[in-house]
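Hi,

Here is the structure I promised to pass on. Have a look at it first, and then read my notes below.

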Amino acid sequence: MASGEEDGALEEKETNNKKRTKSIIATAWLTFYNIAMTAGWLVLAVAMTRFYLQKGTHKGLYRSIARILKFFQTFALLEVIDGDMCSCFAGIVRTSVIVTGVQVCSRIFMVWFITHSIRQIQNQESVILFLVVWTVTEITRYSFYTFSLLNHLPYFIKWARYNMFIIMYPLGVIGELMTIYAALPYVRKAGMYSLRLPNKYNVSFDYYYCLIIVMLSYIPLFPQLYFHMLRQRRKVLHGEVIVEKDE
Ligand SMILES: CCCCCCCCCCCCC[C@@H](O)CC(=O)SCCNC(=O)CCNC(=O)[C@H](O)C(C)(C)COP(=O)(O)OP(=O)(O)OC[C@H]1O[C@@H](n2cnc3c(N)ncnc32)[C@H](O)[C@@H]1OP(=O)(O)O
């Protein structure tokens, strides 16, 4: 009987040790990830500022930073995986996979299927608008996560993380929607990424209408992201207890 109890206690100790090791690995990985992302977006900010100061115009700016942007924004796909990974890593990160998924996928879509694919729109002011807004937001967000993980979070970063989005989110959305809108005529003219009938697959797809659907999908999706952030803001800045629905 006594030996059974001892076995149980030993098993529990082993499980706790395993959990602790997993959580140390997860924290180390997240710290590395967040530092890398903060650095990446800082490099982007410096590159954009230097370009503008040297050339005095925004024309050509996108092309000059396209590689860095594509790399770091695509790297953010790991965040969706992070969400999953961390739920099994003793709940170190309590992020919503759906909210993060929509945010990251819409950004990847903007980067690869709009700005990268349609050269004619790369010099639009709206591209610069969303680039600047994304950059400022991501530097703040990733430094917030980094300092939080290191338990040394300056209040101004916390304040910026949960206040700037009030203006930055709508501005980013305006930049993105204006860019997609500017892309429409080029997509229609070139018949880009579209498949017309008849073809051997017997399927038709029109990227032009797909883009219109994407633009319309901002109407139901964006308010959800915005209200999610407003709830996070109340929780973090005002200590409100928020009962989350299962996502
Ligand atoms: C395929 C075609 C798709 C087309 C779809 C078209 C529809 C799209 C509509 C959507 C439009 C989006 C437009 C967007 O791109 C525009 C912009 O971004 S403009 C720039 C302004 N943006 C912002 O300010 C973004 C603000 N929003 C967010 O930050 C997001 O909500 C999100 C990135 C998803 C973060 O949400 P989350 O729930 O994770 O919030 P928290 O930061 O409060 O984190 C919650 C807890 O998780 C911990 N956490 C999360 N990530 C990490 C990490 N990387 N490292 C460490 N810890 C992390 C965080 O600390 C919190 O923990 P705790 O609760 O314990 O404190």
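Let me start with a quick one: does Tyr-193 count as buried, exposed or partly exposed? Tyr-193 is partly exposed, at 44% relative accessibility, where buried means under 20% relative accessible area, exposed over 50%, and partly exposed in between (1.4 Å probe, protein chains only). Tyr-193 is in the loop between α7 and α8, and its phi is positive, near 50°, although the residue is not a glycine.

Some housekeeping before the rest. This is a predicted model, so local features need pLDDT of at least 70 and side-chain atom pairs count only at pLDDT 80 or more, while totals for chains, interfaces and linings use all residues. Residues are numbered from 1 along each chain as its sequence is written, and side-chain values use heavy atoms, with hydrogens and water left out.

**Overall layout**

The protein chain has eight helices and zero strands; these are DSSP runs numbered from the N terminus, with helices being H or I of at least four residues and strands E of at least two. Its C-alpha atoms fill a box of roughly 80 × 50 × 30 Å along the principal axes. Of the 247 residues, 39% count as buried.

The C-alpha of Ala-9 is 60 Å from that of Ser-64, and the two are 55 residues apart along the chain.

Helix α5 has 25 residues and reaches 36 Å from its first C-alpha to its last, close to the 36 Å expected (the expected span is 1.5 Å times one less than the number of residues). After α5 comes Asn-151, which sits in the loop between α5 and α6. Asn-151 has a positive phi of about 60° although it is not a glycine, and it counts as exposed at 67% relative accessibility.

One more backbone item: the peptide bond from Leu-197 to Pro-198 is cis, with omega near -5°. Pro-198 is in the loop between α7 and α8 (207-238).

**Aromatic rings**

There are 19 aromatic pairs. Rings of Phe, Tyr and Trp (its six-membered ring) pair if their centres lie within 6.5 Å; planes under 30 degrees apart count as stacked, over 60 as edge-to-face and the rest as tilted. Phe-71 and Phe-75 make a stacked pair, 5.6 Å centre to centre with 15° between the planes. Both lie in helix α2 (residues 61-75), four residues apart, about one turn of the helix. Phe-71 is partly exposed at 49%, and Phe-75 is partly exposed at 25%.

Phe-144 and Tyr-162 have ring centres 5.4 Å apart and planes at 85°, so this pair is edge-to-face. Phe-144 lies in helix α5 (residues 125-149) and Tyr-162 in the loop between α6 (155-161) and α7 (165-190), so the pair ties together parts that are 18 residues apart in sequence. Phe-144 is buried at 8% relative accessibility, and Tyr-162 is buried at 4%. These residues belong to one aromatic cluster, whose members include Trp-29, Phe-71, Phe-75, Phe-144 and Tyr-162.

Arg-161 lies over the face of Tyr-162, at 5.1 Å from the ring centre, and Arg-107 lies over the face of Trp-134, at 4.3 Å.

**Cysteines**

What about disulfides? The count is zero, with a disulfide taken as a pair of cysteine sulfur atoms within 2.5 Å. The sulfur of Cys-105 is 13 Å from the closest cysteine sulfur, in Cys-210, which is too far for a bond. Cys-105 is partly exposed, with a relative accessible area of 45%.

That's what I have for now.

Cheers

Key:
Lys NZ or Arg CZ within 6 Å of the ring centre and 35° of its normal.
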